[in-house]
Amino acid sequence: MAYTPPTTWTWDAQNGGKFSNINRPIAGATFDKELPLGQHPLQLYSQGTPNGVKVTAMLEELLALGHEGAEYDAWLIPISEGAQFGSGFVDLNPNSKIPAMLDQDTGLRIFESGSILIYLAEKFGEFLPKDIAQRTETLNWLFWLHGSAPYLGGGFGHFYAYAPEKFEYPINRFSMEAKRQLDVLDRNLAERQFLAGDSYSIADIATAPWYGALVKGLL
Ligand SMILES: N[C@@H](CCC(=O)N[C@@H](CS)C(=O)NCC(=O)O)C(=O)O
């Protein structure tokens with residue numbers, strides 16, 4: 001039966017789908033809970049999802065290069081249990097999504113995985129070239145990833161794996177878009193070793209957990 005959207009939308013908390021128990025149409029904390037704090041300057045609040053893994057991979061790459069200041073405390077935020085709606089986490093990220101970070105050296109909160117990658121790249125002087133041309137190309141691909149991955153995860157992934165029923169139109173629409181995005185990457189990487197050119201960068205670190213995992217059959 002054809003669906004006609006109502007003039008005024010109302011929230012149906014029972015609409016089904018994997019995340020219907022935690023998703024709501026309003027923001028803000030739903031319970032009081034302070035976040036734990038460890039001894040290192042960098043405090044990471046996250047989980048091993050593709051967006052979460054970007055930051056962990058970046059920190060581990062920095063440690064592998066010998067940056068002792070990149071030692072961090074990693075705190076699990078189990079998003080399927082709604083931990084991202086605790087008051088301490090919402091103070092750090094008003095958008096209630098992992099990953100989020102606190103730098104106790106500067107007192108700054110950092111949210112959005114792309115912002116965290118840029119912050120760490122600038123703090124440690126790695127994986128984001130200073131030369132304007134290379135920096136711009138790196139940021140081009142970093143922002144490409146952050147504009148594209150929601151079509152893969154929230155679009156294709158949601159309708160293929162998490163929606164309460166299989167709907168042909170959105171699966172077709174987002175399959176087409178996911179394939180087009182893979183072709184964008186394929187054509188770019190036919191001409192260069194890394195997304196932004198000759199050197200490994202935060203654009204690669206951000207992209208590998210999404211499209212890299214997809215082509216390996218891990219998503
Ligand atoms: N644009 C954000 C997306 C973060 C995001 O979507 N995180 C998901 C896990 S991969 C999340 O926390 N979901 C919990 C929720 O939607 O309530 C980023 O790159 O940091």
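A pocket, on a 1 Å grid over the protein atoms alone, is an open set of points where a 1.4 Å probe fits, with protein on both sides within 12 Å along at least five of seven lines; its lining residues have an atom within 4 Å of a point. This is a predicted model, in which local features need pLDDT of at least 70 and side-chain atom pairs count only at pLDDT 80 or more, while totals for chains, interfaces and linings use all residues. Residues are numbered from 1 along each chain as its sequence is written, and side-chain values use heavy atoms, with hydrogens and water left out.

Start with the second largest pocket. About 300 Å³ of space lies in it, a volume being the space filled by probe spheres set on grid points joined across faces, edges and corners. Its lining has 14 residues, and Leu189, Thr207, Ala208, Tyr211 and Gly212 lie nearest the centre. Helix H5 (168–189) and helix H6 (202–215) are the elements that give two or more residues to this lining. Helices (H or I, at least four residues) and strands (E, at least two) are DSSP runs, numbered from the N terminus. H6 supplies the largest share, 7 residues.

Now turn to the ligand. Residues near the ligand (a heavy atom within 4 Å) include Thr49, Asn51, Phe85, Lys97, Ile98, Pro99, Glu112 and His146. The side chain of Lys97 places an N or O atom 2.6 Å from a ligand oxygen. Ile98 uses a backbone N or O atom, 2.8 Å from an oxygen of the ligand. Glu112 has a side-chain N or O atom 2.7 Å from a ligand nitrogen. The protein covers 79% of the 520 Å² of accessible area (Shrake-Rupley method, 1.4 Å probe) that the ligand has on its own.

Two of these neighbours bring backbone features. Most residues other than glycine have a negative phi, and most peptide bonds are trans. The bond from Ile98 to Pro99 is cis, with omega near 5°. Pro99 sits in the loop between helix H2 (87–92) and strand S3 (100–103). Glu112 has a positive phi, near 75°. Its place is the loop between strand S4 (108–111) and helix H3 (113–124).

Last, look at His67. This residue is in the loop between helix H1 (50–64) and strand S2 (72–76). The side chains of His67 and Glu126 make a polar contact at 2.7 Å; within protein, one atom must be able to donate a hydrogen and the other to accept it, and residues adjacent in sequence count only if both atoms are side-chain atoms. Beyond its neighbours within four places in sequence, His67 is in contact (heavy atoms within 4.5 Å) with Leu62, Phe124 and Glu126.

How values were computed. A polar contact is a pair of N or O atoms within 3.5 Å; within protein, one must be able to donate a hydrogen and the other to accept it, and residues adjacent in sequence count only if both atoms are side-chain atoms.
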